[in-house]
There are 2 protein chains.
Amino acid sequence: MERKEFRDLATPAEARAAIDSLSLEGGLERVSLEEARGRVLAARLDAELDVPGFDRASLDGYALRARDTFGADEADPARLEVVGEVHAGEEPDVALEDGQAVEISTGAVMPDGADAMVPVERTDTEGSEVLVRTSVAPGDNVMFAGADVAAGERALGPGTRITPRDIGLLSALGVDEIPVRGRPTVGIVSTGDELVRPGDDLESARGEIYDVNSYTIAAGVEDAGGEAVLYPHAGDEQDEMERILREAADECDLVLSSGSTSASAVDVIYRVIEEQGELLLHGVSVKPGKPMLVGRLQNSAYVGLPGYPVSAMMVFRTFVAPAIREAAGVPEPRAATVAGTMAREERYEEGRMRLMPVGLVEDSNDEPLVYPVDKGSGATTSLAEADGVVEVGPETDYVEAGESVTVRLFSPDVRPPTLLGVGEDDPALNRLLDGLENPRYLSVGTRPGLRRLREGVPDVAVAAGSIDRDIDAEELGRWTREWGLVTQAGNPHEVEGLADLIDRDLRFVNRTTDSGLRSSLEAALSDLAADRDASARDLREAIDGFDLGLRAHESPARKVIAGDADVGLGLRATAERLDLGFVSVDQQPVRVLANPDRTGKESVRELAAALEREFGPEADG
Amino acid sequence: MERKEFRDLATPAEARAAIDSLSLEGGLERVSLEEARGRVLAARLDAELDVPGFDRASLDGYALRARDTFGADEADPARLEVVGEVHAGEEPDVALEDGQAVEISTGAVMPDGADAMVPVERTDTEGSEVLVRTSVAPGDNVMFAGADVAAGERALGPGTRITPRDIGLLSALGVDEIPVRGRPTVGIVSTGDELVRPGDDLESARGEIYDVNSYTIAAGVEDAGGEAVLYPHAGDEQDEMERILREAADECDLVLSSGSTSASAVDVIYRVIEEQGELLLHGVSVKPGKPMLVGRLQNSAYVGLPGYPVSAMMVFRTFVAPAIREAAGVPEPRAATVAGTMAREERYEEGRMRLMPVGLVEDSNDEPLVYPVDKGSGATTSLAEADGVVEVGPETDYVEAGESVTVRLFSPDVRPPTLLGVGEDDPALNRLLDGLENPRYLSVGTRPGLRRLREGVPDVAVAAGSIDRDIDAEELGRWTREWGLVTQAGNPHEVEGLADLIDRDLRFVNRTTDSGLRSSLEAALSDLAADRDASARDLREAIDGFDLGLRAHESPARKVIAGDADVGLGLRATAERLDLGFVSVDQQPVRVLANPDRTGKESVRELAAALEREFGPEADG
């Protein structure tokens, strides 16, 4: 078996060129007017009829022959015989002779023989006659057939993306079906024995994870004007994967796969494309995205995306979505990029183009600040925490704080959050956030939250427990929460307090050191150590599980429910919600602290008002 | 019958308040992940499981107990017994004891007993043992269960509009169905005996016109996040209209009607709402839109829109679409407004708020220029020629040229044209335009086209025939067209030339005076008059139909086909395309003239290149 050699990674421009060389076009189809919105007209449409289709009175008045009004004025009116009337929606049943007029209403058909009309305000009637007190020229106050759109006139050009106003024009022309470009169909193949479809049961013990990429990319495909087709999961078997790839290639204009973490799946796809199709490119000098494949299989284009969700999304947005839009005839969405300034320096020295996932937050002047989302690419939440991507060129070693950057949003619908909060995870806080419009809250824990607040990026930080050092921030409000030990329902081990963790053989689950709850626990242990005249370290070491901390406020309780631990660090509120036992240790304050530059920001003021409503004005200070 | 009195027109703010007081909410529904894109989450979603669901190795290497590596370094490695291996997607079949290690691959499940891992690069193997040349702490190189998303953590807040990134998070959490706000259903009732559905046959003689508003407003409703339901046409009979209004009110959250031109239909609707529902508001001080109705019928909200398509669309966009978006939970599209400067002064002195339909064109600096679209509101084409609306307050007498204005686009998909052309209507030009991306061409005729070019708004003007006065413009190219008399197929009247129009009893159809073709015809008649030693005016008056001009280049030919005329003014190209007879009179040049400020604009350069490709370089000069 010969292998093509791809010694050097392709440049991003070469990757774009390779994708552009593939044909993704979806053909033509005809759609009804009701389905036309957003579709792209495939051919020019000329008007097949006049609009209006008849000579139409523009006002209420009298249809007449212009020559009969020659010389008429206020003092010397023309006197015409009224021989009938025409209303809108009626066919005239009279024709005019010299010296005659017909009463006519707005929108009605001009009767034969009439070439102008005079508004009722410029006339008087006398019996069966009308006195016309002005002279008119042929065509006056008449909208002639075709005056709006004339038959044969160019109505809409090829490539027009149909908006409601175009639907108006098509309706006026009586068109109820138009030829449009077909949406490119994009088959999405996900591989890997460990992937499970959302909604199905997950066996975590086997290392199974839910399939994130299929649905995310499908939504991205639809955003770009394509039609996504999800194929059943292929395992890591070559035969099955080949069958599914061939089926997708047969049915779709483009096939996308995202590499599973198991190297064998990637190898199988690589072999299928290389042996049975054409491999144009393997590996691109971009981070993340290096393992990207571009090629052809049967009559379909093929692109292989990285396996990690954030990487897959960024590579999709940067390289694949533009090609789908091009094929669909859909222009780059106008709102797809946002200009902002970097909130802090970001170093980068790898010599590859970097696709940096970033979040956005508005500063006190409503200007977007851009901050890198620093979770690993394996984390699916960084997808939810990032608003888009900044492309950083390979020659760039760092992006400075204050530098202007362009953020390509993950999708045009993405809105930067109105409020960016960081800090402690807390159930009362979650309820408060529900009342705000589009907030983002990163529950990184109290200490990292305060650090980030000092760095100036977030609007607010939420801190639980005592705060070690002075921080330049305005307290918007606070509440108190009761913490302690969460046990199985009914407290079967009869835990009475912290001392039991040290003195008895109980399996404990802690929170991470970033958590304010953990800090309060450590402080309580230090007090206990002082009482016992022992070292705090000895006490900590005597607790089975003390070093292993979990991130969210409910996580230790869930370990207790699962039977993986006897006691977990947690809140009374959590224990009550989950019907578990609870042994109180202490209370701690939870403070909401605002970035002093952002106290005038609308969302911060709304949060302050919500805090006052929920916890009363005494919350301050 | 008592009538509520609405003596004063309501202010626009009162109209907004009245619409806001109606309840348009569409309830809740559940949708699958595949259908979730763009929908609005109805309730907070907390994570129901940890992501990842298991403690996961972050690298390839060895899982072990951190305590066993205490003090290990390059020189003094820890020596552990390798007791098994675990790959991604496998359930570990070993548990670690003190002094043991397990070979593990990225993404695999950490075996019981292990609390950290060390990357393979920091190890060596010796038989069944591994030498670990670094010390690690518990948790090192392990992504713990819940580290990405922890069970119980707040995942997405209520009101989140689901984008692909949110679909990623939902997938990771295994969620395959979410509760979303229902789209408000909007019933659209169109009234008037003269309205015909696009696709059906039109009887122009009876004054029938196609129904523009139903489809345009339906598309606008969908743009705003609502679901449009078209109801069958109601005639002007009270019973039928009442039945349809009641049916729509019963089935929908909001009913919209647009007034027909026949006053009786408006009266009937008014009576139904007033007697059987509740009329909140009748008449708003806004132009156009004065006859707007706001009220309730049964449990539905009701808004009556003006009848003219452009007016209906502007009132819909300004007053109704925001309320539908609010009810759907869809934010104002970011790209829905554009800031630009007025290209010319616009006077306005009526003391009502004015919704001014405007078009957009980019100047030489790519900055949007805004110009009023001055067709009457009855013209459906102004819908296609306008990009949006500028609201002008009642206290404003005029908007100055150069003034900054905000344009509310008719829909977020609306793109200002890349090229704005004005002038003569010509079939060769239409083909040229097809090759450009999103041009707009207003076939206003040669003379108005040149006037507008002098005013500086369009990028190019197209002029046919000789040009009277000097104009400051750059000629991009030209071609020649043959014009003359279009007759029925085979020229049954044996027309030989212009003289026949004067000397014989033939029914003629002319073009409008704005057309360059008409100017050339008049010039040819003047020559003929000189030959005959007669006055041109006498010659013109001798032609039956000379004064009645039609707008588009094909229109006279179509009148000939319809048998309404014997001879029409037209082009050889038109006669050939429509298989008609043709008597040549002369040739005339068609020039494409560029605004001297815009010759550097990309679309203008593209047009110049297309002209050169089509007509050769000799076109210049």
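Analyst: Happy to. One term to begin with: two strands pair if DSSP finds at least two bridges between them. Helices (H or I, at least four residues) and strands (E, at least two) are DSSP runs, numbered from the N terminus. This is a predicted model, where local features need pLDDT of at least 70, side-chain atom pairs count only at pLDDT 80 or more, and totals for chains, interfaces and linings use all residues. Residues are numbered from 1 along each chain as its sequence is written, chains are lettered from A and ligands numbered from 1 in the order in which they are written, and side-chain values use heavy atoms, leaving out hydrogens and water.

User: Okay, how many bridges join strand 20 of chain B to strand 21 of chain B?

Analyst: Five, and strand 20 (residues 293–297) and strand 21 (residues 300–305) of chain B run antiparallel. Within strand 21 of chain B, Val303(B) is the bridge partner of Val294(B).

User: What packs on the sheet there?

Analyst: Helix 3 (residues 213–223) of chain B does, touching strand 13 (185–190), strand 16, strand 17 (254–258) and strand 21 of chain B. Its direction makes about 160 degrees with that of strand 16 of chain B. For such angles, axes are lines fitted to C-alpha atoms, for helices over the stretch in contact (heavy atoms within 4.5 Å), and angles run from 0 to 180 degrees between N-to-C directions. Helix 4 (residues 238–251) of chain B also packs on the sheet, touching strands 13, 17, 20 and 21 of chain B.

User: And what's the strand order in that open sheet of chain B?

Analyst: The six strands go 16-13-17-21-20-18, with mixed pairing. Strand 16 (227–230) and strand 18 (278–282) of chain B are the edges, each pairing on one side only.

User: Switching to chain A: why is strand 20 of chain A largely enclosed?

Analyst: Because four of its five residues (293–297) are buried, strand 20 of chain A is largely enclosed by the rest of the structure. Buried means under 20% relative accessible area, with a 1.4 Å probe and protein chains only.

User: Last one: which residues touch the most other members of the largest nonpolar core?

Analyst: Leu256(B) and Val320(B), out of 90 residues. Helix 6 (residues 309–328) of chain B gives the most to this core, twelve residues. A nonpolar core is a set of buried Ala, Val, Leu, Ile, Met, Phe, Trp, Tyr and Cys residues joined through side-chain atoms within 4.5 Å.

Definitions and conventions: Buried < 20%, exposed > 50% of the residue type's maximum accessible area, 1.4 Å probe, protein only.
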